[in-house]
Amino acid sequence: MNLTRAGARLQVLLGHLGRPSAPTIVAQPVSGLASPASFQPEQFQYTLDNNVLTLEQRKFYEENGFLVIKNLVSDDDIQRFRAEFERICREEVKPPGIVIMRDVALTKQDYMPSDRMVSKIQDFQEDEELFRYCLLPEILKYVECFTGPNIMALHGMLINKPPDVGKKTSRHPFHQDLHYFPIRPSNLIVCAWTAMEHIDRNNGCLVVLPGTHKGTLKPHDYPKWEGGVNKMYHGIQDYDPNSPRVHLVMEKGDTVFFHPLLIHGSGRNKTQGFRKAISCHFGSSDCQYIDVSGTSQENIAREVVEMAEKKYGFQGFMDFKDTWIFRSRLVKGERINI
Ligand SMILES: CCCCCCCCCCCCCCCC(=O)SCCNC(=O)CCNC(=O)[C@H](O)C(C)(C)COP(=O)(O)OP(=O)(O)OC[C@H]1O[C@@H](n2cnc3c(N)ncnc32)[C@H](O)[C@@H]1OP(=O)(O)O
Ligand SMILES: Nc1ncnc2c1ncn2[C@@H]1O[C@H](COP(=O)(O)OP(=O)(O)OP(=O)(O)O)[C@@H](O)[C@H]1O
Ligand SMILES: O=C(O)CCC(=O)C(=O)O
Ligand SMILES: [Fe+2]
Ligand SMILES: [Mg+2]
């Protein structure tokens, strides 16, 4: 994207956020030197001005589309998320709205209420214990660098990647999360993803294609994998197989923040343990809903609406946008548009 246009759009958004616009860049010589404070960076388009990120971290996110913050979430909090996840799997608590997903390779087994049957839970916004993740001040402090001060939690997930049974169904194909969101602008959306244990290539770490957040939203569809593909795990069909991959090896509590256009996936879990991570997508409440009719997002919109209609029993009068309106929750500032 053209820098001037992006700069102009950011100015409009900042104005809309009720903040002073970023100063126009005029290199003013002060005692013969340009003052670093007045030299506000017009080159930044994926991060906002505040004092949380170092210049180096900011440049890294701008360039790569992700940023890992080590040791951000405490062991105590992670233990609480794990315990609540197990209670949900054992059906001791049933938070309204929760979506429990099994790995496609295990769907023909008799269901036992146990964390060994569940590959992912989604939409935990009504579970006060898990939703604590989306309210953690240490997470929101970083989220605000991307969304600004009015923050909505759009979607929470706890991923329990099962041991692969040999069909490679535990993989998550390369995708861009924006495919699932009828919400723009994309630069005001960010995902926080926290490792709940040591995660590396053996148990299926996140794999990212650095810099791909600078591209556009690509068409997504089910990959043609012989062993089966999980429901709604759409992938990008024409990603560049030679694009450099970065495998994110993370320790318990480490958190990666990434842009919704960043192409990422996760590999097979070759261990016998269930690899756990907790995540939430956040967006500025200044964002807007878009109509995805006639775009590449139509396919996922149809699937999500079908599932929501089945789950909530409304037939025929829900659209993609509605499924997001009632699932998202304000976590900071004011609810404005979305
Ligand atoms: C309002 C809610 C909207 C939620 C909207 C999510 C949008 C999220 C946006 C997030 C943004 C970030 C990016 C996230 C990337 C993702 O994670 S995308 C979402 C991931 N997937 C899901 O959310 C699906 C969750 N739901 C499920 O897994 C449900 O169990 C299913 C697949 C709908 C089936 O439910 P069910 O009917 O209760 O299950 P069951 O009777 O056991 O099986 C029925 C049939 O489904 C098959 N099946 C069961 N599980 C699976 C499976 N995992 N895969 C494939 N087939 C399956 C069975 O084999 C069976 O097939 P047949 O024998 O009839 O041929
Ligand atoms: N044909 C494909 N289409 C889309 N995504 C793919 C394809 N093959 C692999 N991937 C994805 O590529 C990412 C990285 O795979 P890579 O092989 O580098 O990781 P890995 O950890 O070694 O995983 P694996 O053991 O499954 O090979 C994963 O997200 C995986 O799901
Ligand atoms: O494997 C994971 O933990 C991440 C999966 C992912 O990218 C997603 O659910 O959108
Ligand atoms: Fe994702
Ligand atoms: Mg591999």
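For sorting residues by class, Ala, Val, Leu, Ile, Met, Phe, Trp, Tyr, Cys and Pro count as nonpolar, Asp, Glu, Lys and Arg as charged, and the others, Gly among them, as polar. The model here is predicted, with local features needing pLDDT of at least 70 and side-chain atom pairs pLDDT 80 or more, while totals for chains, interfaces and linings use all residues. Residues are numbered from 1 along each chain as its sequence is written, chains are lettered from A and ligands numbered from 1 in the order in which they are written, and side-chain values use heavy atoms, leaving out hydrogens and water.

On a 1 Å grid over the protein atoms alone, a cavity is a set of points where a 1.4 Å probe fits but cannot get out, a pocket is an open set with protein on both sides within 12 Å along at least five of seven lines, and lining residues have an atom within 4 Å of a point. Helices (H or I, at least four residues) and strands (E, at least two) are DSSP runs, numbered from the N terminus.

Next, ligand 1. It has 27 residues around it, with Arg102, Lys108, Lys120, Gln122 and Lys231 the closest (near means a heavy atom within 4 Å). Among its polar contacts (N or O pairs within 3.5 Å), a polar side-chain atom of Gln122 lies 2.3 Å from a ligand oxygen, and a polar backbone atom of Lys231 is 2.8 Å from a ligand nitrogen. The protein covers 72% of the 1200 Å² of accessible area that ligand 1 has on its own (Shrake-Rupley method, 1.4 Å probe). α6 (298-312) supplies the largest share of the shell, four residues.

Ligand 2 sits in the second largest pocket, meaning that more than half of its atoms lie within 2 Å of the pocket's grid points. Of the 15 residues around ligand 2, His172, Arg245, His247, Ser266 and Lys270 come nearest. A polar backbone atom of Ser266 is 2.7 Å from an oxygen atom of ligand 2. The shell has five nonpolar, five polar and five charged residues.

Terms used. Polar contact = N/O pair within 3.5 Å; in protein donor to acceptor, adjacent residues only side chain to side chain.
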